[in-house]
Structures are given as C-alpha cells and as structure tokens.
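Here are my notes for your read-through. Please keep the model open beside them.

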Amino acid sequence: MNRGLVLRLESLLQLRGACRQLRALSCRRLWGAPWTPVQAPAHPLRPVLLHPQPWHRHRAIGAASAHCRHLATKEERKKQKKKIPLTRGEVEIRQKMTIEELARAMGKDIDHIYEALLYTDVDLDSLEPDSILHEDHIKMIVQKSGMKYKSAKLKEEKERKNTDAPRGHACHSELWGDLCCPCRPPADPAVLTPRPPVVTILGHVDHGKTTLLDSLRKSQVASMEAGGITQHIGAFLVHLPSGEKITFLDTPGHAAFSAMRARGTNVTDIVILVVAAEDGVMEQTVESIQHAKNAGVPLILAINKCDKPEADPERVKKELLAHDVVCEEFGGDVQAVNISALKGENLMVLAEATVALAEMLELKADATGLVEGTVIESRKDKGKGPLTTAIIQRGTLRKGCVLVAGKTWAKVRFLFDENGQAVDAAPPGIPVEIMGWKDVPSAGDEILEVESEQRAHEVIDWRTYVEEQEKLKKDMEVIEAKQREHRMEYKQQQQKLAHLTWRQRKAVLYKANKHLLFQRPKDRREVAKDTLSVIVKGDVDGSVEAILNILDSYDCEDECKLDIVHFGMGDISENDLSLAEAFNGVIYGFSVKANNSIIKLADKKGIKIKLHNIIYKLIDDLKEELNSRLPPAVVETTIGEASVLDTFSVTVGKNKIPVAGCRVQKGLLDRKMKFKLIRRGDVIWKGSLSSLKHHKDDAQVIKAGMDCGLSLDRNLEFHIGDDIICYEETEVQQTTSWDPGF
C-alpha cells in the first residue's frame, strides 16, 4: 500500500479519536460520567505508533484542555450562583412589582421576564431590574410562563397605626376612609369661659378697610393713654371703655381667611363688611359676602365715607338686598352703621355693635387641657427664627408647650403679645406671637398641642406619610390612565398593520413618526437648555457622512447634549425649518443654499441657519453654539493676601468670637469682597468677614504692609501661619472640552 495513503489514514484515525474525546467531554454534564480516554480501534490498519504525527495529538490535547478549563469555570460559576427555587402552580403577585421581584416570585431569571416582554408594547431599552411593571404586564408574563397568579393584598399600609394628634373636628380623607385622625371630645360646658370675639374686616378695594383699622388704632390710643389698642403682626386687640375686648384680624380677604375656610376652622366669629357710600356694592363686595356665607359667619355692615357729599347709604342697603343681606330697618338681622374711617366718626358705635353681636353669639371657650389654635400669619425673623401669629381657640398656651402645625413642630420658647412684650400665657381668643418653631408653618394651619417632642415627631411622620400616600395614589391614577391610553393606541396600530410584513410595518411606523415631528409652534416640545438639536444638510452624501463621523466623536454629553434631529442632502427646505422649530434646533448646511423666502421665514420664526463651504469652519461654528449652551463659570481673581501673625478672642454678649491679627502681604483687603482661609495649602473656609478693624477702628480697606484684625462669619479657630485670601468672583463663558481632532 502507498506509504502516503497509510500516513493519511493514521492521521484520520487519530483525529477521529480526538473528536470522540471532545464529544465525551461535551456530554459530561448530561450523563454525569467521568471522562476517560477513548480506546483505539481493535483492528488498526497499521500500528498507531508507527510514524506518529505529534502536531495532531498536541492540537487535540490543547482543545480538550481548553474545554476542560471552560467546563471547570462554568461549574464554579454554577456553584456561586444563587439557586432559584422552581415554582409550580400559583404565583403571588401585587401591584408595583419590579422585574427582579417578579422573577424571584416565579423562580425564573430576569432574562425570562425580558423574553416574555419581547413582543409587547413595553420599551425594553428603558427597563432595568428595579423597573416597576404594570399589573396587566405582570399577569401576562405569568400566564405566558404556564403559571397561574393570585393577587396579594397590601397589608402594611392598613397595619400602620394612626399617630396623628387628636383634633377638635373630624378630618376626612379619600385614602384613609371617613376619619383619618382621632378627634378630641367636646369641652365640658361647666369649664367654658367667655372669650373675645375674633373679627375680620372684608370689602372691595379702596373702600376704606385699611383706613378703618388705622382709625381704630389711633382713636383708641388717643382716648386711652395706657395704649389700650395696639397692633402687632396680623392681629390686634381693642379694649373698649366698658372693659370688653375685640380681636381684629389684620388680614381681611387675605389667603389666610380662605385657608381657614378650606380647613373648616371657624376662627372668624364676625365679619365687618365695609362698603363705600358713594360706590355701593362692587365685585369684591359680592365675593366677601359669599366668603362669609360659606364660613357661616354673621355680618355687620359698615357703610364708610359717609362724610362725602355724594354719599348715599340708603342706596347701599337696597343694593345689598339682592345678595340676601337684609339690614335691621328692612326687617333683617344685619346691623348697619354709618361711619367715616378717615375722620373717626361712629367707630365706637361700630365696636359696640360688634360686642352686642358677640354677646348674642355667647362666645365661650375651654381654657384648660391641650391647646388648639390657628396660624394667622407666619414669617422668618433674622434674630428670632420662624415666628407665627396665632389665635388660641382652646386651652391656654404657655412657654414650654410642644406644638404641631402642618408638617412642622415647635417647643414654645417665648410668647409675645400685640405690644411685642413677652407674656407667660395666652388664653383663648387672644392674638399671640409664638417663637420656637423648627420651620415656618403656613397661614391657616391648625395648631395642636402634644405631650412631648417624641410625640410631635410621630405626628409629623404620620402626616408626611399620609401626604406621600395620597400623592402616590393620584400619581398612579394618572400613570394608569396614560398607560391605558397608550395600550389602546398600540393595539389599534397593531391591528391596522397586522397584514403587513415586518419591513413594511417598520416603514409605515417611520413615516408616521416623521409626520408627528411637524407640529405647530404652540405644540412644540420643551427641549432642555443644555441640549443642542442640529439638522445637517449637505450637497452630497459623502459630505454629510464626513460631518456625521465628526459628530459621532462628540463625548461631552455631561456638558451639553448633542442631538442630531435630521440629516440629508439638498438645499434648505421648509421641512427643515419645521423640524428646527419643533425641536428648537439649528440648521447647518455644507455647500448648500437657502433661497430668500426660506431665509425670511427662518428670521420670522427665529431659526438659525448656518451655511459653510469649509468643514472645519462648520465645526468651529458648532462648537461656538455648544459654548453658548453652557452655564457661565465662576473665576476667582485674587485681590489681596494676608498672613495670620497672632490669634485672640473678644467677648460679644455671651459669645467668644475668634479674631486673627494679620498683616497684608500683597494687594489689599476689601471688606465687601469674599475671603477664604488657607491652612497648609488646603481651603478651610470661604465666605465674608463679620468685622475688619485697623487698631480699634472699623475699616473697609486694608492696604499692603498694614496690620489689621478680622473675624469671620463663622466661628473658626485661627492658627498662626494661616493665609487669608481676598478675592473677587467673576463669571466667564465656558468652552466645550470636545476635541473633534482638528
């Protein structure tokens, strides 16, 4: 036999043996049998060891070794991977499940969930393992996997205990049923005591409401030397000669009154309706009447400006009959008083009418137990912090009480009366200013006293939780409505395209989306300021391709996003203008033209068209446009430098303030500028100076070579050798760091 043929047969036999060995290795996982070398055939044509071919054996051994290493790695990976138990039967599902949670409940991996969502209306590119799935999609995935589902009821929200503070009235909520907070029992009639009436003055603009309030203050101050009438932020108290008191709210018609009505809190007992005698009933007058009716508050009519010749009080009373305001002389129950707020006429008559109505109402309150009140006005004082003017409705407010209002709380540090003087207690019906709030509450918020600071935290946490749940419920309703609308549109679209091939469907969808881009100006979508949308037009395809290749190298998305809306060949057209208008973009043309009508239309719509014949000039122009979208950078310019030579402290009140004795080494120190403290090369502090002195005198500027003492707006300890830098901040336009390569 030919020797070459024999050698070729031997090589084929060895290759066949190596293939059988590799096949045995690949079957190892299935059969679990240990790998053993395959024996040579029982009757070889020639001895196998004659004329061996080492390169075949080495290649086979290398391949087998590589496969063994691969199998070993997969075995280790399999051991490290957490075993997911297989679930048979029902899968417990709930709302707002994530992909990872659903996979764990089904005993599947995340890829299985993605495969189930492959041919649905869900955008797979936007999904992450922690993405929340819609309930319909969850059910569809379970059914596609051959399983059944059962809904799990959420119990955590129901099990959470209501820790709100007891209120004096029922508070209703759509989320938590009829009653979402506990209510305090009504006060014992035996402990009720009379309280001053709370009066709000309402009326049309320029009818004299503010003048009436001012006149009440002035007349009372003139008649009573002890200052019986005073005003302090939002409310003031009038002391009548008979000893009666009236609390006036200095926010007539303000948002606080609307907030009170919205919360069902009848802080106002009586409304004084001011109507100008010469103008009569106006629009704001009618609105004020409606406010009083909605709140269930009785009216007193004050006909102002009766001192004018054109005044006609009788006409005013007759006009009010059309709005169900019937004065006593017409058989109604509304008292009418003719006054002149400017001259102070009949002001005491108005006050006595108010007291008489208050006596008929028998206004009483419980001055014992936990405090209830309402915020009339709130503000932030630089020295005192958050302050609120409030009227107490129940209980007696004292220093040290722990209060909650809205989503903030306070431990009362000080109470101030209408004179601004500190008081120890505030009974019901008296305006008082409260100091000690952690944050500023809103006007109209209900004030409730709780037992301790820990209890206040519980109340705030509960209210925050309830607000979040209600907001989440509303958001979910909106999301579900949008999803239902989207799914309906998707199904209709799929039904229309069911008879087409996938290529045809893709072409139809592209045309539909392209058509949606051409919107009217009022329908254009909002584009972020840090996004540059561009439309590229070139004379030939190669030019457009070259520009797009350069734009593909843009890698500064964190600075400004570059969005290529459209590209193509040919001159600038109206379609390009429509796209640029819809996306607030810029049109770049390379070796193309734009006719006069297009240029005029672009100018009218405020669209930029930039034409170039040299490619690097086009890119430079694009970089300048990117630079214009970047926010300005703040640059520090050093004005002066000083070194700390000594440190000491001065006492201001009860506080010790660190002071640095410095010498200016370069430039000057200007107190108006900003400063920074540098220690061993590190910036310790940045800010402004609280004081700058030369010897014992205050100074605005310290020049080079002069000594000075300075203190910071923060109490920081100085070290000898520290550097004080005086600098000025200026804004400069940033430039993009994108390098196109030329």
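Is Asp698 buried or exposed? Point 1 gives the answer.

1. Asp698 is exposed, with a relative accessible area of 55%. (Buried means under 20% relative accessible area, exposed over 50%, partly exposed in between, with a 1.4 Å probe and protein chains only.) Asp698 forms a salt bridge with Lys693, and their closest N and O atoms are 2.6 Å apart. (A salt bridge is a side-chain nitrogen of Lys or Arg within 4 Å of a carboxyl oxygen of Asp or Glu.) Lys693 is partly exposed, at 31% relative accessibility.

2. A word on the source. This is a predicted model, where local features need pLDDT of at least 70, side-chain atom pairs count only at pLDDT 80 or more, and totals for chains, interfaces and linings use all residues. Residues are numbered from 1 along each chain as its sequence is written, and side-chain values use heavy atoms, leaving out hydrogens and water.

3. Now the sheet. It is open, with 4 strands in the order β22-β21-β23-β24 and parallel pairing. (Strands pair if DSSP finds at least two bridges between them; helices, H or I of at least four residues, and strands, E of at least two, are DSSP runs numbered from the N terminus.) The edge strands, β22 (561-569) and β24 (608-612), each pair on one side only. Neighbouring strands are turned by 20° against each other on average, direction ignored. (Axes are lines fitted to C-alpha atoms, for helices over the stretch in contact, and angles run from 0 to 180 degrees between N-to-C directions.)

4. Look inside the sheet. Strand β21 (residues 531-538) runs parallel to β23 (residues 586-590), and 5 bridges join them. Val536 stands opposite Tyr588 in β23.

5. A helix packs on this sheet: α18 (residues 615-629). Helix α18 touches β21, β22, β23 and β24. (Contact means heavy atoms within 4.5 Å.) Its direction makes about 170° with that of β23.

6. Back to charges. The structure holds 29 salt bridges. One joins the side chains of Asp576 and Lys537 (2.7 Å, N to O). Asp576 is in helix α16 (residues 574-583) and Lys537 in strand β21, 39 residues apart. Asp576 is buried at 3% relative accessibility. Lys537 is buried too, at 5%.

7. Compare another pair. Lys686 and Glu636 meet in a salt bridge (2.7 Å, N to O). Lys686 lies in strand β28 (residues 682-687) and Glu636 in strand β25 (residues 633-652), so the pair ties together parts 50 residues apart in sequence. Lys686 is partly exposed at 45%, and Glu636 is partly exposed at 30%.

8. Finally, a network. Salt bridges link Lys608, Lys610, Asp621, Glu625 and Arg629.
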